[in-house]
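Biologist: I would like to learn how to read side-chain and helix packing features from a model. Could we go through them one at a time?

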Amino acid sequence: MTQTTTLLIQENIGPTLAQWLADRSYSKIAVLTDTNTQRDCYPLLAEVLPPHVTYTVPAGEQHKHLATCQQIWHFLTEQQFDRHGVVLNLGGGVMGDMGGFCAATYKRGVDFVQLPTTLLAQVDASVGGKLGVDFEGYKNHVGVFAQPAAVLIGTDFLRTLPTRELRSGFAEVIKHCLIADAQQWEALRQVPFAQQDWLALVEHSVAIKSGITERDPKEKGERKLLNFGHTVGHAVESWLLAHPDRAILHGEAIAVGMICEGYLSVQQSGLSEADFRTMQTWLLDLYGKVTLSADDIAGIVPLARQDKKNRDGIIRSVLLEAPGRARYDQSIAETAMVEALAYYQTA
């Protein structure tokens, strides 16, 4: 597989993708989509692509599992796809994670290109080479680290998104500011959500994430900072995903996680009450509140025991010292996590 990743951010990525493919001699090109991106995004690229085959999977986190991977691997095999082909993953975080995982493991690895179509994928999931699928109710429990041949980001895809999906991705923009750029955190809050400059925000977030992942590609240290809000957030997301009528989007769960981990940051890492209140108020205004009962909290906390940052059976999280400055590998007692989730319900 290719070791050097091409990373480009433009409004319209179609001509750039066509030229990128023309400059290489791939034996076959496969485009993987979900039902949403097949309908809304594939038509924006279809006419500029060289001859290719397509395969579409159902949209949604609930389909991000090994059974769907088997279908993708079967399709590639049926198409006599060899190790000199390339897989184009056209979609959000689910499609990028799963399509990349399938490409990285098919015949021990074929080239793949991430073509993120959601804000969440553009600012976070498509960059850094973390790939995988959910397993037995745990988020991204089975996966690999593998770098794509290219990440080509076209912000015109964002026009296809419902407001809720766009707002979900915005949670990762907020996270990047909170862990690495206090000045941008202040600036972000001065602009109404509907008036944000998405191209500039994508460029800013990608610069933060790509810088961190280049320094720590296998998440041994600094890269763990990118998980702020995710220890609690992933557990909340997984719990509600198991109750389909209550499932929420990834960014909505991360907003819950950032409030809870912000609360713990006040207790454990020196975040000021004033900074926490500012963060909490803004996140609740943007995302509202997810209702969680005592029974929900009792079910959510055990899911955090499987978080990939944990060590020696201890839940480890990312906590803020101040906006723009964070600590990783912070131990979190299960009782403290229960307290944080209970606090969230009263906020």
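Modeller: Start with two tryptophans: Trp185 and Trp282 are both buried. Bear in mind that this is a predicted model.

Biologist: How many aromatic pairs are there?

Modeller: Rings count as a pair if their centres lie within 6.5 Å. By that rule there are 12 aromatic pairs. In one of them, the ring centres of Trp185 and Trp282 are 5.5 Å apart with the planes at 80 degrees; planes over 60 degrees apart count as edge-to-face, so this pair is edge-to-face.

Biologist: Which parts of the chain does the pair of Trp185 and Trp282 tie together?

Modeller: Trp185 belongs to helix H7 (residues 182-188) and Trp282 to helix H11 (residues 273-287), so the pair joins parts that are 97 residues apart in sequence. Ring pairs also link these two tryptophans with Phe170, Phe193 and Trp198 into a cluster.

Biologist: Next, the cysteines. How many disulfides does the structure hold?

Modeller: A disulfide is a covalent bond between the sulfur atoms of two cysteines. The structure holds 0 disulfides. Cys69 is in none, and its nearest cysteine sulfur, that of Cys102, is 3.6 Å away; the cut-off for a disulfide is 2.5 Å.

Biologist: Is Cys69 buried or exposed?

Modeller: Buried means under 20% relative accessible area. Cys69 has 0%, so it counts as buried. Cys177 is also buried, at 0% relative accessibility.

Biologist: On to helix packing. At what angle do H6 and H8 pack?

Modeller: Helix H6 (residues 163-180) packs against helix H8 (residues 198-215) at an angle of about 50 degrees, and their axes are 10 Å apart. Angles under 35 degrees would be roughly parallel and 65 to 115 roughly perpendicular, so H6 is oblique to H8. Their crossing is left-handed.

Biologist: Finally, a lysine. Where is Lys64, and is Lys64 buried or exposed?

Modeller: Lys64 sits in the loop between strand E3 (53-57) and helix H3 (66-78). Its relative accessible area is 2%, so Lys64 is buried.

Key
Residues numbered from 1 in each chain as written. Predicted model: local features only at pLDDT ≥ 70, side-chain atom pairs only at ≥ 80, totals over all residues. Heavy atoms only, no water. Phe/Tyr/Trp six-rings, centres within 6.5 Å; stacked < 30°, edge-to-face > 60°. Helix = DSSP H or I, 4+ residues; strand = E, 2+ residues; numbered from the N terminus. Buried < 20%, exposed > 50% of the residue type's maximum accessible area, 1.4 Å probe, protein only. Axes fitted to C-alpha atoms, helices over the stretch in contact; angles between N-to-C directions. Parallel < 35°, antiparallel > 145°, perpendicular 65-115°, else oblique. Left-handed = near helix turned anticlockwise from the far one by under 90°.
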